[in-house]
Amino acid sequence: MSIHLLVLIHGMWGNPGHLSELKRIITETYASSSDGIQLEVLLAETNSDNSTFDGIDWGGERVAQEVTDKVAELAKNGKTVSKFSVTGYSLGGLIARYVIGILHQKGFFKDVIPANFNTVATPHIGLPRYPSFISAVTSSLGPKLLSRTGEQFYLVDKWSSSGRPLIEVMADPDRIFYQALQTFQRIRIYANAVADMTVPYVTSAIETEDPFVLYETNGMEIECHEEYPFVIKSYDVPAVPPVPTPKPIMLSPEWFRTRKPNKPLLPPALQLRFPLNLVLYTFLPVLIPVVLSLVAVRFSLATRSSRERIRLLEEDKTNSEKLIDILAELEDDVEHAVADLVIDNPADSQPISVDVNSASSSAVSLPLDASSAKKEKKCKTKSRDKKAEQPNLTPGQVKAAGWLNQLPIKKELAFFSDVRNSHAMIVCRDVKRFEAHRRGEGVLRHWAASFVL
């Protein structure tokens, strides 16, 4: 029997249960075989919980081994994997890009068709920094408290032998990760347009500016699919923004109504009913520093354990043929070749300027009322009015976005505007504990319908 193997990879601090709704919906959609091909879903397990601290690369090595083992297991049962697809959520999307690099390097795709590559809320160009105090703190502590993964998230690692961060290397068209991605028949990514406090729009949608920064005040018209709730069908920014509503007189009834927050102040687990909510609010000044201290201690211990695991992995001689070592040798060879070229042809060694922003991002699969160029221009004009909301991307992040946008990527956007953080909702991560997470089912059904068996 011919098998289409779909691998699902969860995110940071995650476990396979976080993607149980993806598995349920995709298996319901393709319950029966098509043209003699049967769907087999593999929920990656070896890189869960604290193991996610060990880096994109070591996580990728583990999942790649799971894929190899699964293919061998299926072969023993008389089943042949003829097609391969992968969907990664959050960190899992970066791990997926690393995994396909490993498989490509091993010649896996000589006999297997790379079919669908999908990511959901994945920080493709790393976690961006914003001009705010909280962002400054997280970007400073993240690389220290999240071990190797944190360093890679914020592009402060020196992954390659030449000192380049892994996320930049993975976006380089001359490297095997990018070349593996090029082989897939369909590449589709899903991003939260707003309210994703974990993986913001710019990095999950691979953009350098955020057109949704002023959506509440600039009159942006957003239309969602009827069949797939909360998936944006189209959006448009009017040429002339609406006239601002006059501010109410202070302490007036209308003023008090505007003071009411339109989003929950606390995460779902802490949204208690009266009178328990009053008790919680009373103790918040004490609970917040205690919780933050406990989180810092927990992350510090997890990071220490991760560093020790990484040390043992790097000392293990059986790991000498890992992709990081192969690519290190390759980069050394390239650097030596460039050095020889410069010595032999000094007149031709002037630096070449490449405009990474010239890379088209028109692969966004949103039908626009105006032209893409017009919309981009309008969005940029609006964003200047609120620079504080736009990210401060590093040159490496801008370069990575430019490279990745040269690929035929279709981009789908989810719109959950009335929540504090939409990161978990987009994949229905924990519907048993939080009923609100079911609102992401429209996104998952869109993903399943777009999947080609």
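## Salt bridges in the predicted model

A search of the whole structure finds 22 salt bridges, a salt bridge being a side-chain nitrogen of Lys or Arg within 4 Å of a carboxyl oxygen of Asp or Glu. This is a predicted model, in which local features need pLDDT of at least 70 and side-chain atom pairs count only at pLDDT 80 or more, while totals for chains, interfaces and linings use all residues. Residues are numbered from 1 along each chain as its sequence is written, and side-chain values use heavy atoms, with hydrogens and water left out.

Three of these pairs are listed below.

| Pair | N to O distance |
|---|---|
| Glutamate 314 and arginine 148 | 3.5 Å |
| Lysine 399 and glutamate 168 | 3.3 Å |
| Aspartate 418 and arginine 439 | 2.9 Å |

Glutamate 314 is exposed, at 52% relative accessibility, whereas arginine 148 is buried, at 14%. Buried means under 20% relative accessible area, exposed over 50%, and partly exposed in between (1.4 Å probe, protein chains only).

Lysine 399 forms a salt bridge with glutamate 168. Lysine 399 is partly exposed, with a relative accessible area of 28%, and glutamate 168 is buried, at 9% relative accessibility.
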